[in-house]
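Hi everyone, thanks for coming.

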Amino acid sequence: MDKIKIATYNVNSIRIRTRIVIPWIEENKPEIMCMQETKVANDKFPVKDFEEIGYNIIFNGSKTGRNGVAILSKEKPKEYFFGLHNEPKDEDRLIMAEFSNFKIINTYVPQGFKIDTEKYQYKLKWLYRLMEYFNNNFSMNKDVLWCGDINVAPEDIDIHNPKNQKNHVCFHKDVKQAYEKIKSLGFIDIFRKYHPREPGQYTFFDYRVRDSVKRNLGWRVDHILATKTMAEKSKYCNIDIEPRLKERPSDHTILVAEFKK
DNA sequence: ATGGTAGTAAAACTA
């Protein structure tokens with residue numbers, strides 16, 4: 001294998017989305033797929049559906065049916081861990097998996113609700129804890145990937161109406177600063193490497209906004225970031241509108257990047 | 001300026 005295709009997708013329920021995800025995987029054949037918001041308890045995860053098409057799957061969810069992360073891969077990870085290094089670990093929001101050529105961290109960052117709430121403070125703290133986790137456990141000189149639903153739109157061009165969203169939990173100055181601080185450890189936004197300054201490229205469409213997909217009222221909050229050595233191996237990065245989005249308002253798109261091995 | 005809906009789960013809660 002001379003290439004590694006990596007996809008990230010907030011599935012918003014893996015059980016509802018299986019009929020979309022499986023054909024997409026069979027058509028696109030990614031080496032790795034990171035998923036967020038699987039929304040299923042571990043004993044109800046549709047493991048067989050993925051094993052039948054020749055993939056290994058690691059996952060961790062909660063009994064309440066919230067959050068949940070998974071990594072699908074052709075190669076079995078050498079090692080993997082769930083959650084952050086300190087409490088609360090949020091084991092249904094982070095997976096670190098080590099493969100033979102690189103490490104990957106798949107995150108579902110807390111959304112934050114409203115900026116004047118505890119939930120937003122929790123989100124900000126979560127991002128700073130993640131930064132500490134990267135600092136303590138990873139060498140930025142090695143091949144490391146950080147991807148997932150990061151719940152941050154980094155720049156004005158990453159949302160459709162930046163002027164009205166200054167106080168949104170995915171666009172507020174403090175959350176952008178936290179994201180930029182993590183990025184400055186040595187991560188490169190692979191999508192922006194290939195689409196610099198290109199507006200109107202979104203990975204999330206709120207189903208509560210009427211015709212959000214048709215009117216392109218979206219957010220770019222899902223990301224694939226790579227350390228310098230890994231980014232040098234990248235070939236492209238694109239947003240793939242998942243089939244369901246074309247039919248009716250839904251959630252997230254699939255973000256895909258390819259790397260040379 | 002709110003609230004709009006999808007999903008889990010079995011009444012709210014999250015996004």
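Let me start with a question: does Arg197 count as buried or exposed? Arg197 counts as exposed, because it has 7 C-beta neighbours inside 10 Å. The cut-offs go like this: a residue is buried if 20 or more other C-beta atoms lie within 10 Å of its own, exposed if 12 or fewer, and partly exposed in between, with C-beta atoms placed from the backbone.

Before I go on, some housekeeping. This is a predicted model, where local features need pLDDT of at least 70 and side-chain atom pairs count only at pLDDT 80 or more, while totals for chains, interfaces and linings use all residues. Residues are numbered from 1 along each chain as its sequence is written, and chains are lettered from A and ligands numbered from 1 in the order in which they are written.

Back to Arg197. You'll find Arg197 in the loop between helix 5 and strand 10. When I say helix or strand, I mean a DSSP run: H or I with at least four residues for helices, E with at least two for strands, numbered from the N terminus. The phi of Arg197 is near 60°, a positive value in a residue other than glycine. For background, most residues other than glycine have a negative phi, and most peptide bonds are trans.

Glu198 sits in that loop too, between helix 5 (190-194) and strand 10 (204-205). Glu198 counts as exposed, because it has 10 C-beta neighbours inside 10 Å.

Now for another positive phi: Glu37, at about 50°, and not a glycine. Glu37 lies in the loop between strand 2 (32-36) and helix 2 (47-51). So is Glu37 buried or exposed? Glu37 is buried, because 25 other C-beta atoms lie within 10 Å.

And here's one for the peptide bonds. The bond joining Glu87 and Pro88 is cis, with omega about -15°. Pro88 is in the loop between strand 5 and strand 6.

On to the sheets. Strands of a sheet pair through backbone hydrogen bonds, either parallel or antiparallel. I count two strands as paired if DSSP finds at least two bridges between them.

One open sheet has six strands in the order 3-4-2-1-14-13, with mixed pairing. Its edges are strand 3 (56-60) and strand 13 (234-240), each pairing on one side only. Neighbouring strands here are turned by 10° against each other on average, direction ignored. That angle uses axes that are lines fitted to C-alpha atoms, for helices over the stretch in contact, and angles run from 0 to 180 degrees between N-to-C directions.

Inside this part, strand 1 (residues 3-10) and strand 2 pair in the parallel sense over five bridges, and Ala7 has Met33 as its bridge partner in strand 2. Strand 3 and strand 4 (residues 69-73) also have five bridges, but in the antiparallel sense. There, Phe59 is partnered with Ala70 in strand 4.

How many residues of strand 2 are buried? Five of its five. Ile32, Cys34 and Gln36 point one way, Met33 and Met35 the other, and all are buried.

The other open sheet I want to show also has six strands, in the order 5-6-7-8-12-9, again with mixed pairing. Strand 5 (79-82) and strand 9 (187-189) are its edges. In it, strand 6 (residues 94-98) and strand 7 (residues 103-108) run antiparallel, joined by five bridges, and Ala97 stands opposite Ile104.

Let's go inside. In soluble globular proteins, nonpolar side chains tend to be buried together. A nonpolar core is a set of buried Ala, Val, Leu, Ile, Met, Phe, Trp, Tyr and Cys residues joined through C-beta atoms within 7 Å. The largest one here has 69 residues, and Met35, Leu145 and Ile224 touch the most other members. Strand 14 (residues 254-260) gives the most to this core, with five residues.

Last stop, the DNA. Which residues come nearest to DNA strand B? Of the 16 around it, they are Ser13, Lys39, Gly65, Gln111 and Arg208. Here, near means a C-beta atom, placed from the backbone, within 6 Å.
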